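Please read them with the coordinates open.

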Amino acid sequence: MLFTSSLFLIAGAAQAYAATTTSSSFAPQFSPVFPNMKKATGVVTSYNPNQYKATDTLDTSGLSGYPNPWEAPSTTSAEVKAAYNLINWSKVPKAPVRKQKSNGDWVSDSDGDSDPYCWWSSTNCLSPKVSYLPDDIYTCPKKGDWGLNYDDGPFNRYTDENAKKENPYAEPALYNFLQKTEQKSTLFYIGSNVATYPAAAKRGLNDGHQLCSHTWSHPVMTTQTNIQIVAELYWTLKAIKEATGVTVKCWRPPQGDVDDRVRSIAWQMGMRTILWDEDTNDWAMPAPGGGDLAPKKVDAYFAGLIKNEKAGKYKTGHIVLEHELNSATVNMSMFWMPKIQAVFNVVPALTCNNILQPYWEENFVYPAGNSGPSPPASTTTASPVPVPTGSPSTCTPGSFGLGQGDGYNGACCNDQSDCLDDCLSGSCNGEANPNTPVTTAPPATVTTASPAPVPTGSPSTCTAGSFGLGQGDGYNGACCKDQSDCLDDCLSGSCNGLVNPNKPVITTTKKTTTTKKTTTTKKTTTTKKTTTTKKATTTTKKATTTTKKATTTTKKPTATASCIAGARGKKKGNGKTGYCCSSSDDCLETCRSGTCGL
Ligand SMILES: [Zn+2]
């Protein structure tokens, strides 16, 4: 299939997930590239374990050049169309666009017990019906963990007597509380809020919280057309990136309303779907944007969770849905937090799933616990990715863990902790082992060495203004002018992707001055579903054995490539990732906008 060439395309982006080409591998992902974006200011550029004082310095103007806040974005925007064109639509199940009531909620027209599109709102399905999408994340696997998360931010101001003391944009009450108690969280941001209150989003990142997307205008996503879904996700990704400098790889659908059509679009745009397995129903309390649920009932939900944990009724931890929607939800959370912390191990929702690098910008490495020192930043030191030592992997079916496998792409796994990236269907994804071949089981499996290319010659001489693989080394942090300078993506003048396994890369940060215009914003209240709470059910993972054939397609182009611009096809190139192409016939995988790869 041919894909339209686009200025915004970063064909190599999919490599960050290093999917293989086996039929059971996941659909490729890409990180949209945002044209003409100013560099984020006032934000940390890697996880900062220390207290960050943001309150005095953050610019409180809104972002400009975005759709109207809390309104459905236009579907005719060139930027949205460019993102749309990057999606492989053959990998998007053709679930119907769900009907919508006048209040925006979806109409229950269940697909029946077979639930062919894994519609969570209908059947609580969490395990996609297609092999090329990963399961949703919805719980904390470890008993005793409370995966802390808040939807609908950023921004919540005090409305009581403390209001006068607050900078209404840069000092959300919840964030002050979390900072004071040194508690980190995962935050699902609404794009409209980010564009309106970017200072609050910066504060969230600077305080050490993990950011994810929660759409632009908070619609029920299965009721949206494909292009509407892309628009909702695109503008939110962009607003978060412009405000904070990070491109998130996680999202939560409003009301949890997701099916395989929506999942696939979000996945291909770089985001894993994150749901929950316990709901405090805090969002339904009487307050702006809320409903009519008595606060006493919400108290009872919190109390019940604590009681059950104390009684040893839970076999796993939980991701418990909470909101920074209004003062009622924030006050409720602040009231219960000390009691929760006394019983549970409270950590961010991604952390309890061992997702510690939730952005395309890999300098952000969150600690495994609630807080603590961060691993060295990858831009100034050697790779944060542990390089295996000793003999090649001895991982075989039934032998799990970093000690036995090596955590790299293709190694077998039992759970997240066995992998450097994700454990998906019993196999680690993510980076390929740069040093040693990984033998995956069962024995019939083809063995492959998929080492990342190791640069040769002298250390990188790349400095500001010197571009290209010849001068830089193409690894994460090296400066770049365009895609061809990087092994992965060129983002904001710097390569992302793989970290140079052999030597430190020093980057030069360019200073950019930004002038922000104040935009006039319109706020409408969000309508929320007030029907019964859905609880995600535990689903048994498909017993997929690791019969995947390992392939050699994770190799990146090397200096020996003879393919040049205008020279296309297997005869001149070799069809492997990174080679230029005019159609998929020229590639071992897929031709996307003139470059082979996933
Ligand atoms: Zn929400």
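1. Helices (H or I, at least four residues) and strands (E, at least two) are DSSP runs, numbered from the N terminus. On that basis Pro 154 sits in the loop between S1 and helix H3 (173–180). The peptide bond leading from Gly 153 into Pro 154 is cis, with omega near -5 degrees. Most residues other than glycine have a negative phi, and most peptide bonds are trans.

2. On conventions: this is a predicted model, in which local features need pLDDT of at least 70 and side-chain atom pairs count only at pLDDT 80 or more, while totals for chains, interfaces and linings use all residues. Residues are numbered from 1 along each chain as its sequence is written.

3. Overall content. The protein has 9 helices and 14 strands. Of its 598 residues, 54% count as buried; a residue is buried if 20 or more other C-beta atoms lie within 10 Å of its own, exposed if 12 or fewer, and partly exposed in between, with C-beta atoms placed from the backbone. Two residues are in contact if their C-beta atoms, placed from the backbone, lie within 7 Å. Among contacts with a separation of 6 or more, 67% come from residues 24 or more positions apart.

4. Two strands pair if DSSP finds at least two bridges between them. Strand S1 (residues 145–153) pairs with S2 in the parallel sense over 4 bridges, and Asp 151 has Phe 188 as its bridge partner in S2. S2 is also joined by 4 bridges to strand S3 (residues 210–213), and these two run parallel. Here Phe 188 has Cys 212 as its bridge partner in S3.

5. Side chains of S2. Which way do the residues of strand S2 (residues 186–189) point? Thr 186 and Phe 188 point one way, Leu 187 and Tyr 189 the other way, and all are buried.

6. Two positive phi values. Glu 182, in the loop between H3 and S2, has phi near 55 degrees, a positive value in a residue other than glycine. Glu 182 counts as exposed because it has 12 C-beta neighbours inside 10 Å. His 218, in the loop between S3 and H6, has phi near 65 degrees, again positive in a residue other than glycine. His 218 counts as buried because it has 23 C-beta neighbours inside 10 Å.

7. Packing of H6 and H7. The axes of helix H6 (residues 226–244) and helix H7 (residues 260–268) come within 10 Å and cross at roughly 45 degrees. H6 is therefore oblique to H7. Angles under 35 degrees count as roughly parallel, over 145 as roughly antiparallel, 65 to 115 as roughly perpendicular and the rest as oblique. Axes are lines fitted to C-alpha atoms, for helices over the stretch in contact, and angles run from 0 to 180 degrees between N-to-C directions.

8. Asn 226, Ile 229, Val 230 and Leu 233 in H6 meet Val 262, Ile 265 and Ala 266 in H7. The contact divides into 6 nonpolar, 1 polar and no charged residues (Ala, Val, Leu, Ile, Met, Phe, Trp, Tyr, Cys and Pro count as nonpolar, Asp, Glu, Lys and Arg as charged, and the others, Gly among them, as polar).

9. Gln 29. This residue is in the segment before helix H1 (78–85). Gln 29 is buried because 22 other C-beta atoms lie within 10 Å. Gln 29 and Met 271 are 242 residues apart in sequence and 8.1 Å apart in space, C-alpha to C-alpha.
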